[in-house]
Structure formats: structure tokens, C-alpha cells
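Dear colleague,

I am handing over the structure that we spoke about, with the sequence alongside. Please look through it first, and then read my notes below.

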Amino acid sequence: MLTVLIFVIILGLLVFVHELGHFITARWNGIKVDEFGFGFPPRIGGFVKDAETGKYRFILGDKEVRNEHTIYSVNWIPLGGFVRIEGEDGGHMDDPNSFARKPACIRVLVLAAGVLMNFFLAWVLFSVVFGLGLPQPIEESERGKYPDARVQ
């Protein structure tokens with residue numbers, strides 16, 4: 001059971017970082033993001049900025065939300081995630097903030113950003129592990145310096 005829990009946590013981290021790459025790149029390039037979801041629908045709940053008050057409000061369940069701001073949601077199936085981008089299905093050609101209206105180089109960058117973020121995460125994790133170092137064997141001539149050393 002612990003192995004399954006660790007698997008879900010590690011997969012969740014990888015998916016979150018991957019989708020975060022798509023999300024950040026889309027937003028930096030002026031593309032409207034409708035929803036950033038962790039897990040696959042149906043939605044458990046989420047947060048969205050209220051257009052009138054400017055404060056975030058909680059959304060419970062999978063009800064339809066009409067809002068100009070991004071919905072940040074947590075969903076029932078924890079083995080994935082998604083970023084719903086305006087115009088990614090080829091529609092909304094009249095909206096200048098649509099994915100479909102952006103130049104091809106920006107669309108490719110948004111699509112590739114998830115993979116690039118996974119490479120960046122791997123680089124950070126390897127850097128941390130190598131920075132911490134590995135246990136080194138004690139030479140026979142130095143065993144007197146470390147009387148409490150033992151194999152674990």
C-alpha cells in the first residue's frame with residue numbers, strides 16, 4: 001500500500017510540473033487558460049477569482065462555471081492533470097487571446113513547455129542529490145579516526 005501511495009505522489013509531482021509548464025508558458029504569451037486541473041474530472045472542487053469582487057471563491061463539485069478567470073481545480077482521478085486552453089481545439093478564432101490565433105512558434109513553445117519543465121525538474125533533483133553527496137568508504141588506514149563508524 002505504501003508503494004502505491006509513493007507512486008501516486010511521485011506521478012502527481014511529475015504531472016503537476018508538466019502541466020505547470022504549459023500553464024505558465026500560455027499565460028506569459030497572452031493565451032487565456034480556462035482551467036488548470038490536477039487529476040482527471042469529475043471535479044472535486046476548485047478556486048476561481050470572482051469577476052465582481054476580485055476575491056477567490058471556492059467551487060464545490062463539477063458544475064459549469066462561466067468566468068473570465070482561470071479555474072484551479074482538484075479532480076477525482078489523481079493519475080493525471082490538464083490545462084484547458086482557450087482555442088486549443090481550433091475554435092475561438094475571433095478571440096485574440098486564443099491559442100488558435102497565436103503564431104505557430106508560440107503554439108509549439110506552449111506544447112513543448114511541459115516536457116521542458118520535466119527536464120528542468122530532473123536537472124534540479126539530480127543537482128540536489130549530487131550536491132548532498134554519497135557515502136564514501138573509509139580506508140583501512142583511517143579506521144582509527146572514526147571509531148563509531150558502522151555499516152547500516
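What radius of gyration does the protein have, and what would a compact globule of 152 residues have? The protein has 22 Å, whereas a compact globule of that length would be near 15 Å; the radius is taken over C-alpha atoms, and the globule rule is 2.2 Å times the number of residues to the power 0.38. Taken along the principal axes, the C-alpha atoms fill a box of roughly 75 × 35 × 30 Å.

Before the details, a word on the source. This is a predicted model, in which local features need a pLDDT of at least 70 and side-chain atom pairs count only at pLDDT 80 or more, while totals for chains, interfaces and linings use all residues. Residues are numbered from 1 along each chain as its sequence is written, and side-chain values use heavy atoms, with hydrogens and water left out. The average pLDDT (the predictor's confidence in each residue, from 0 to 100) is 90, and 99% of the residues score at least 70.

The protein has two helices and three strands, these being DSSP runs numbered from the N terminus (helices H or I, at least four residues; strands E, at least two). Along the sequence they follow the pattern α-β-β-β-α. Confidence is lowest in strand 2 (residues 56-60), with a mean of 91, and highest in helix 2 (residues 104-132), with 95. Of the 152 residues, 30% count as buried, meaning under 20% relative accessible area with a 1.4 Å probe and protein chains only, as against over 50% for exposed and in between for partly exposed.

Helix 1 has 27 residues and spans 39 Å from its first C-alpha to its last, close to the 39 Å expected at 1.5 Å a residue; the expected span is 1.5 Å times one less than the number of residues. Its buried residues include G12, V15, E19, H22 and T25, and the buried residues of this helix pack against strand 1 (33-49), strand 3 and helix 2. T25 itself has a relative accessible area of 10% and, leaving out residues up to four places away in sequence, touches L109, V110 and A113, where contact means heavy atoms within 4.5 Å. Just after helix 1, G30 takes a positive phi of about 75°.

Helix 2, with 29 residues, reaches 42 Å from first to last C-alpha, close to the 42 Å expected, and bends by about 40° at A113, the bend being the angle between axes fitted to the seven residues ending there and the seven starting there. A113 is also one of the buried residues of helix 2, together with I106, V110, G114 and L121; these buried residues pack against helix 1 (2-28) and strand 3 (71-85). G133 follows helix 2 and has a positive phi, near 85°.

P42, which lies in strand 1, is joined to P41 by a cis peptide bond with an omega of about 20°. D50 sits in the loop between strand 1 and strand 2 and, leaving aside neighbours within four places in sequence, is in contact with K55, R57 and N67.

With best wishes
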